[in-house]
Amino acid sequence: MMAIFAMGTMMANWHPSDTEAIRLDKEDATGQSLMKTLRTDDGKIILTWLRGERTDGVFAYQLHLQLFDADGNAQFGDEGIIVANKPTVTWTSDYGLALAPNGDILMAYYDIRNDVENQECSEAYIYRYNQQGQPVWDADGVLIPVKQISENPLSVENLSPKICVSGDNIYLAVMHTEYFMEEANEDNWSPSPWFPNQQMPDSVLVNKGAWQVMLLADNRDEVEPISIDSKILTMNPAPDGNIYMVYDNELSGLDAQLINPELKNVWDNIVTVEERPLSTGMFMPTPLAQVNEDDKLMLSYRVPTDWYGYQVVNHLTPSGETMRDAVSLTGSIDGDAGTAAMGVKENRALVAWEWAYSASEYHMNANVIDDDNNYFWTGDNTYGISLEMTEDWGFTPVKVIPVIDGWVVLYGNSTSWNGANFMVVKIDEFGEVMWSKQICEDNFKSSGFSVTYDENNAYIFYTQEEQYDDNWEVIPGSAGMFVMCVDITGNPSTAISEVATDKGVNTTEIYTIDGRKVNTLEKGVNIVRTTDENGTVSVKKVLN
């Protein structure tokens, strides 16, 4: 069960702490999801999130907006501004958040306000608020236009709107799908495997969809959108007000274009970033993508190998150059890569990712690759380091933060199917762990994160679902939305210069940072795994 730790009831000032969390949103609110955060140049933090509500029998995932000043004071009341409260379907879809060139807050979301009864047609809208919390445009949002594919679709979905600001230009993208009846043929129909003698019907329900990308010009007037036939799409700012677009192609590899404000590809041809198929059949994760100081787009994604896969890094230049052979972060294709997070500074990217060496050995790995696809660390750290290893569950990277003298990695070390110990680790420029600390309580439970940061602190926003006691009664106050301010500058006060030998410890195993099992502490950082007489396992780092 969740351990109760100190919580404030209202936002006051930012006070860095490894244990104290501040409750956000109105009293007793639950079901928050899809938090997003932005930090302004003058230290403000913008937070948006969805929360399910039922009003007069109509359900909506309402879009909320909150702004915190540089001291951490909430500006828009207990639950923020409800930007969108129109009816939505009962499952969530992604939405867009960005800062306009003048600092206004742009949000793009969808609803079914014009088809509440059938819930078959959704439309996407863009909202614009200033930092004082006032709508700049219509408070009900401005409809995002799309091109219709067929003449008489039975239903239409416009979902997952994205926003990308580049220079003075605001780009939008919406996943547009239409459902319609089509004459049945061998290409669009096949008999059920349970009824192999089934006769072909006269017509079948089919769907066609594509990302529609457009430019929001002159603050209000939209131009003719272009279509990208893909399932996934990333948009990142590029020089001269252009944007990088990376998306999956028909072979499940990755293609890219550099789109200008006229919505034309600046390059002569579409660039293939990755020729190998990245889909496992049912699922293809969206690649991580960030622009570095040289305006190159750093990319990290998973390359499948049979039932396994490995994490790689690639790059894309403003002139359309890329490396067809992306660099494996481990230097090999062994093991299996899981979820990943990436941070970028100067000309390099650090990727933190879960790596399963075997069915009973999981690592939280990290490595740095520069924008020429070279390994940045050298020696024993060339092919990455293991921040932690466990034999029971796995790891979830949450955020990679570039700092002046290295990197900070936030991750969860899973302790059960829905609990984790939440770790913050500082790594220097050479790949050596400088310090590591646990924040929150043991077996911390969260249903979602959004993290922003400055040079001193990480601001960790998270949601929790209701927790239950031994009698399966809801623990009061266990659900909601919270924020922690955590210092990321200094060494934790807990010394780890020697291994503790507590009573009841039956076994002690020592591993090097790269996962090798050794008999005694080696110079540098060691991972010490102890098992007590009750079979309880604990893992900590020891600096020798």
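Q: Which residue lies over the face of Tyr125?
A: A charge sits over a ring if NZ of Lys or CZ of Arg is within 6 Å of the ring centre and within 35 degrees of the ring normal. The model is predicted: local features need pLDDT of at least 70, side-chain atom pairs count only at pLDDT 80 or more, and totals for chains, interfaces and linings use all residues. Numbering starts from 1 along each chain as its sequence is written, and side-chain values use heavy atoms, without hydrogens and water. At 3.7 Å from the ring centre of Tyr125, the residue is Arg113.

Q: How far from the ring centre of Phe376 is the charged end above it?
A: The charge belongs to Arg348. Its distance to the centre of the Phe376 ring is 4.4 Å.

Q: Why is the pair Tyr375 and Tyr383 classed as it is?
A: Rings of Phe, Tyr and Trp (its six-membered ring) pair if their centres lie within 6.5 Å; planes under 30 degrees apart are stacked, over 60 edge-to-face, the rest tilted. Here the centres are 5.1 Å apart and the planes stand at 85 degrees, so the pair is edge-to-face.

Q: Which residue in β4 is the bridge partner of Gln32?
A: Strands are DSSP runs of E, at least two residues, numbered from the N terminus. Two of them pair if DSSP finds at least two bridges between them. Six bridges join β3 to β4 (residues 45-55), running antiparallel. The partner of Gln32 is Arg51.

Q: What is the strand order of the open sheet with edge strands β7 and β10?
A: Its four strands pair antiparallel. The edges, β7 (96-99) and β10 (142-143), each pair on one side only. The order is β7-β8-β9-β10.
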